[in-house]
Amino acid sequence: MTEQQLRAQMVSLARSMFERGYATGGAGNLSLKLPDGNFLATPTGSSFGRLDANTLSVVDIDGNHLSGDKPSKEVAFHLAIYRNNPACNAIVHLHSTYLTALSCLEGLDPDNAIRPFTPYYVMRVGQLPVIPYLRPGDPQIATELANRAGDYRAFLLANHGPVVTGTDLCDAVDNAEELEETAKLALMLDGKAIRYLTAAEVTALKGRGK
Ligand SMILES: O=C(CO)COP(=O)(O)O
Ligand SMILES: [Zn+2]
């Protein structure tokens, strides 16, 4: 895809998420790798419902602002993931309701906030490590994500929300939506006797694609 097509794709996927309630107000941010090796990101404070293809931010791998509006305050953690996971070409960060609710619970397993009970969660995300609470924009979030980026496709920022990677922006958005619905189901099922997938069932799903 050309840079113009990628800009249009970011605007339309963001609006779609906004219209379906995955993003509200000015929360969340998106980024993707451009054909020239730089990165397109949502501007800080922007609403997913009102992005403008011509004012999206462009930064290089070192975080230098090259063009467009001032980038997201979280662009450093996006870049930390790209540096450490060559398979990642796009990132979605949301404050979506169910994942954010989950991120506020005490006693989450730091290695995996959602024990698998449906196959698509395993196929698209696999495991959801928890990053300890840091204020939005704290540079330490980038350090924490850099340490785990090579091993996981999504992360849950405690008391904040999800960070989800993809091979392109469509894939990252689909992964984020699957993860949000999985969190919704996990909270709906709280206190009920869930039949979790067995270790063998989880293993059989890994590496089978989507
Ligand atoms: O989600 C956000 C902070 O974590 C939104 O910040 P930005 O508006 O700077 O992208
Ligand atoms: Zn945020």
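Around ligand 1 in this predicted model, the nearby residues (a heavy atom within 4 Å of the ligand) are Gly-26, Gly-28, Asn-29, Thr-44, Gly-45, Ser-72, Lys-73, Glu-74, His-93, His-95, Pro-136 and His-160. By class, this shell holds 1 nonpolar, 9 polar and 2 charged residues, with Pro counted as nonpolar, Glu and Lys as charged, and Gly among the polar ones.

An oxygen atom of the ligand lies 2.9 Å from an N or O atom in the side chain of Asn-29, and for Ser-72 the corresponding distance is 2.7 Å. In Glu-74, a polar side-chain atom is 2.5 Å from a ligand oxygen. The protein covers 96% of the 310 Å² of accessible area that ligand 1 has on its own (Shrake-Rupley method, 1.4 Å probe).

The zinc ion, ligand 2, is coordinated through the NE2 atoms of His-93, His-95 and His-160 at 2.0 to 2.1 Å; donors are N, O and S atoms within 2.8 Å of the metal, or 3.2 Å for Na, K and Ca. Along the chain these donors follow the spacing H-x1-H-x64-H. His-93 counts as buried because its relative accessibility is 1%, whereas His-95, at 36%, counts as partly exposed (buried is under 20%, exposed over 50%, partly exposed in between; 1.4 Å probe, protein chains only).

Residues are numbered from 1 along each chain, with chains lettered from A and ligands numbered from 1 in written order. Local features need pLDDT of at least 70 and side-chain atom pairs 80 or more, while totals for chains, interfaces and linings use all residues; side-chain values use heavy atoms, without hydrogens and water.

Notes. A polar contact is a pair of N or O atoms within 3.5 Å; within protein, one must be able to donate a hydrogen and the other to accept it, and residues adjacent in sequence count only if both atoms are side-chain atoms.
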